Amino acid sequence: MRKTKCLAAVLATLLAATALVAAENEPIFDEKADAHQQIAAALKEAAKGGKNIILDFGANWCEDCHVLESQMQKPELAALIKKSFVVVNVDVGRFDKNLDLAAQYHIPLKKGIPAVAVLGPRGELLYAQGQGQFEDARHMTAESIMAFFEKWKPNK
């Protein structure tokens, strides 16, 4: 009986690890998307709903980008994001795509990705990550990520 429980625990751990690896391999960033068009659409949606916009600069090869995305999908944070934000994932490729948008929104990609900018419902820049704050997302707590989104949700 004891061996069965131990084996079940090992199998559950392996399944969880496999699911995590699979999730990390799922593309977050649409490498063929026109980020300018995505932002324009987000501006329209945000204006209608009184939401702020999150511009998430990153790439599919970036482990910390996957970690941040995973945190953003957790139920409590996902509910806050759905209620308060429109999210645009801006693919930066190998730091060779959408560099104009990074510059426009004051995102210093040399500090690392993921990097986040927050826009108001009319497109005004409210916050630009300037020091690589999310670059080490794998070592951030869920609470600190939640606090960031709480801080930048629109005042309604």
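Which elements do the buried residues of H2 pack against? In this predicted model, they pack against S1, S2 and H5. Some notes as I went through it:

1. Confidence first. The average pLDDT for the protein is 88, and 83% of the residues score at least 70. Residues 6-23 are another matter: pLDDT is below 50 there, and beyond near neighbours in sequence the stretch has one contact in the model. Where pLDDT is low, the predicted coordinates should not be read in detail.

2. The main core. The largest nonpolar core holds 25 residues, and Ile53, Leu55, Phe57, Tyr105 and Ile107 have the most contacts inside it. At least two residues each come from helix H2 (35-49), strand S1 (52-58), strand S2 (85-91), helix H5 (99-104) and strand S3 (115-119). H2 gives the most, with four residues. Take leucine 55: setting aside neighbours within four places in sequence, its contacts are Ile39, Val88, Tyr105, Ala115, Val116, Ala117 and Leu119.

3. The other core. There is a second, separate core of 18 residues, with Leu77, Ile81, Phe85 and Ile145 among them.

4. H2, side by side. Ala35, Ile39, Ala42 and Ala46 are the buried residues of this helix. They sit on the same side of H2 because they cover an arc of only 60° around the axis. An α-helix has 3.6 residues a turn, so residues three or four places apart point the same way. On the face turned away from the buried side you'll find the exposed residues Gln37, Lys44, Ala47 and Lys48.

5. H2, end to end. The helix has 15 residues and reaches 21 Å from first C-alpha to last, close to the 21 Å expected at 1.5 Å a residue. Aspartate 34 caps the N-terminal end, with a side-chain oxygen 2.9 Å from the backbone nitrogen of histidine 36. After the helix comes glycine 50, with a positive phi near 65°.

6. Backbone points to check by eye. The peptide bond from isoleucine 113 to proline 114 is cis, with omega near 0°; proline 114 is in the loop between H5 and S3. Two residues other than glycine have positive phi: phenylalanine 95, at about 65°, and asparagine 98, near 55°.

Notes:
Residues numbered from 1 in each chain as written. Predicted model: local features only at pLDDT ≥ 70, side-chain atom pairs only at ≥ 80, totals over all residues. Heavy atoms only, no water. Core = buried A, V, L, I, M, F, W, Y, C linked by side-chain atoms within 4.5 Å. Buried < 20%, exposed > 50% of the residue type's maximum accessible area, 1.4 Å probe, protein only. Contact = heavy atoms within 4.5 Å. Expected span 1.5 Å × (residues − 1). Arc of directions from axis to C-beta. Polar contact = N/O pair within 3.5 Å; in protein donor to acceptor, adjacent residues only side chain to side chain. pLDDT = per-residue confidence, 0-100.
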